Amino acid sequence: MVASAYLGDRFHVRGPILIFNSLIALIGLPIMGFAASSGARYFGVFLVTAGTNANIPTALAYQANNVRGQWKRALCSALFVGFGGMGGISGGTIFRAQDRPRYIPGISAAITCNCLVIIFVLGLSGYFLRANRLADKGKKIIEGSEGFRYTL
């Protein structure tokens, strides 16, 4: 988490870090769910926890850096945190007792969500990159401010 914050601030990027952390979680999820030994499964838990927890502040920063205006940013941040809470609530219905010990529906849902993070970040970053290039050429004003550029 600290490394993600440091690198994001140092290089002014968030999207590649989100993708990297999601890939770490995607490596850990099958290990956690399908490995035979308990040691390997604990290693998978470590990878999932590292990737997922590092993505929370990184995703908040990605969102906040790309929204201009105090109230708009506050509303977007509140919605982001609220949807994160709903994710925690839905986890109780996805990881069901009758699916133990493998929890295949829950592991599959987590894999799907991490894949969606990668797809959405790639799509948004492509859009942001294109908008930044147009703004650099003077063909577009982003968020009503000539000097504003999206954070990739």
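# Salt bridges, core and loop features of a predicted model

K72 and E143 meet in a salt bridge, with their closest N and O atoms 3.0 Å apart. K72 belongs to helix α4 (residues 70–94) and E143 to the segment after α5, so this pair ties together parts that are 71 residues apart in sequence. A salt bridge here is a side-chain nitrogen of Lys or Arg within 4 Å of a carboxyl oxygen of Asp or Glu. Helices are DSSP runs of H or I with at least four residues, strands are runs of E with at least two, and both are numbered from the N terminus.

This is a predicted model, in which local features need pLDDT of at least 70 and side-chain atom pairs count only at pLDDT 80 or more, while totals for chains, interfaces and linings use all residues. Residues are numbered from 1 along each chain as its sequence is written, and side-chain values use heavy atoms, with hydrogens and water left out.

## Charged pairs

Side chains of opposite charge can pair when their charged atoms come close. Burial is given as relative accessible area: buried means under 20%, exposed over 50%, and partly exposed in between, with a 1.4 Å probe and protein chains only.

| Salt bridge | N to O distance | Relative accessible area |
|---|---|---|
| R14 and D9 | 2.9 Å | R14 10%, D9 49% |
| R149 and D136 | 2.8 Å | R149 28%, D136 58% |

R149 forms its salt bridge with D136. That pair links distant parts of the chain, with R149 in the segment after α5 and D136 in helix α5, 13 residues apart. R149 is partly exposed, whereas D136 is exposed. In the bridge between R14 and D9, R14 counts as buried and D9 as partly exposed.

A nonpolar core is a set of buried Ala, Val, Leu, Ile, Met, Phe, Trp, Tyr and Cys residues joined through side-chain atoms within 4.5 Å. The largest one in this model has 13 residues, and those with the most contacts inside it are L18, Y62, V121, I142 and Y150. The elements that give two or more residues to this core are α2 (15–34), α3 (38–65) and α5. Of these, α5 supplies the largest share, five residues.

Contact means heavy atoms within 4.5 Å. Not counting residues up to four places away in sequence, I142 touches A131, N132, A135, F148, R149 and Y150. R149 in this list is the partner of D136 in the salt bridge given above.

Which residues does N114 contact, leaving aside its neighbours within four places in sequence? They are S22, A25, L26 and L29. N114 lies in helix α5 (residues 104–136) and is buried, with a relative accessible area of 11%.

## The loop between α4 and α5

D99 is found in the loop between α4 and α5. It is buried, with a relative accessible area of 18%. A polar contact of 2.9 Å joins the side chains of D99 and R96. The term polar contact stands for a pair of N or O atoms within 3.5 Å; within protein, one must be able to donate a hydrogen and the other to accept it, and residues adjacent in sequence count only if both atoms are side-chain atoms. With its neighbours within four places in sequence left aside, D99 is in contact with I94 and P105.

P101 is placed in the loop between α4 and α5. The peptide bond from R100 to P101 is cis, with omega near 10 degrees. Y103 also lies in the loop between α4 and α5, and its phi is near 55 degrees, a positive value in a residue other than glycine. Y103 is partly exposed, with a relative accessible area of 26%.
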